[in-house]
Amino acid sequence: MVHAAEITRQGPGPARGYAALLTPAAPPALTRSEVLHETLGGRTWLGALSNPGGGVCADLTVRLRFVDGAGRAVGAPVSARADWLEPGAALHLQARLPVGAGALQIVSLRWSAGGRNFELAPGGVLALEAAHA
């Protein structure tokens with residue numbers, strides 16, 4: 001469960017609606033991944049999934065999990081959904097890190113564009129404080 005999710009717009013230009021659905025040039029990408037260390041010892045993960053493509057991503061769903069140093073899942077999976085994500089926009093994610101979490105893995109990423117459905121297979125394990133540019 002995502003503790004918080006918010007869609008923000010980045011970049012110039014007017015907002016586009018469903019009429020502008022085009023196949024994106026690139027799949028949505030994890031563009032933010034960082035850990036906040038709390039004073040009482042807890043940790044919170046902050047992430048953002050951005051649309052770097054030229055078209056709108058509709059019906060976007062992402063599911064990720066935190067893993068320990070051996071690659072075993074720890075805690076509950078994190079998931080989020082957005083009806084659409086315009087070019088340059090980001091879906092911001094926030095979750096409390098489970099004990100032992102040392103990395104994350106995107107388990108599934110699905111979206112629609114231009115009347116077509118897309119799905120990416122599970123990705124590799126990523127450091128908690130790393131993101132794709």
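**Salt bridges and a nonpolar core**

The side chains of Glu119 and Arg110 meet in a salt bridge, with 3.2 Å from N to O. A salt bridge here means a side-chain nitrogen of Lys or Arg within 4 Å of a carboxyl oxygen of Asp or Glu. By this rule the count comes to six salt bridges. This is a predicted model, so local features need pLDDT of at least 70 and side-chain atom pairs count only at pLDDT 80 or more, while totals for chains, interfaces and linings use all residues. Residues are numbered from 1 along each chain as its sequence is written, and side-chain values use heavy atoms, leaving out hydrogens and water.

**Who pairs with whom**

- Opposite charges are the idea here: side chains of opposite charge can pair when their charged atoms come close.
- Back to Glu119: at 53% relative accessibility it counts as exposed, while Arg110, at 38%, is partly exposed. (Buried means under 20% relative accessible area, exposed over 50%, and partly exposed in between, using a 1.4 Å probe and protein chains only.)
- Arg96 and Glu38 also form a salt bridge through their side chains, at 2.4 Å from N to O. This pair links distant parts of the chain, 58 residues apart: Arg96 is in strand β6 (residues 90-96), and Glu38 is in the loop between β2 (29-37) and β3 (43-50). (Strands are DSSP runs of E, at least two residues, numbered from the N terminus.)
- Arg96 is partly exposed at 44%, and Glu38 is partly exposed at 32%.
- Arg72 and Asp68 meet in another salt bridge, 3.1 Å from N to O. Arg72 is exposed at 55%, whereas Asp68 is buried at 14%.

**Asp59, a residue to look up**

- Asp59 is linked with Arg81 and Asp83 in a network of salt bridges.
- You'll find Asp59 in strand β4 (residues 57-67), where it is partly exposed at 37% relative accessibility.
- Most residues other than glycine have a negative phi. Asp59 has a positive phi of about 50°, although it is not a glycine.

**Inside the core**

- The largest nonpolar core has 28 residues, and Trp45, Leu60 and Phe66 touch the most other members. (A nonpolar core is a set of buried Ala, Val, Leu, Ile, Met, Phe, Trp, Tyr and Cys residues joined through side-chain atoms within 4.5 Å.)
- The elements giving two or more residues to this core are β2, β3, β4, β5 (73-85), β6 and β7 (103-113).
- Leaving aside residues up to four places away in sequence, Trp45 touches a list of residues including Leu30, Leu64, Phe66, Leu93 and Leu128. (Contact means heavy atoms within 4.5 Å.)

Note on methods: Helices (H or I, at least four residues) and strands (E, at least two) are DSSP runs, numbered from the N terminus.
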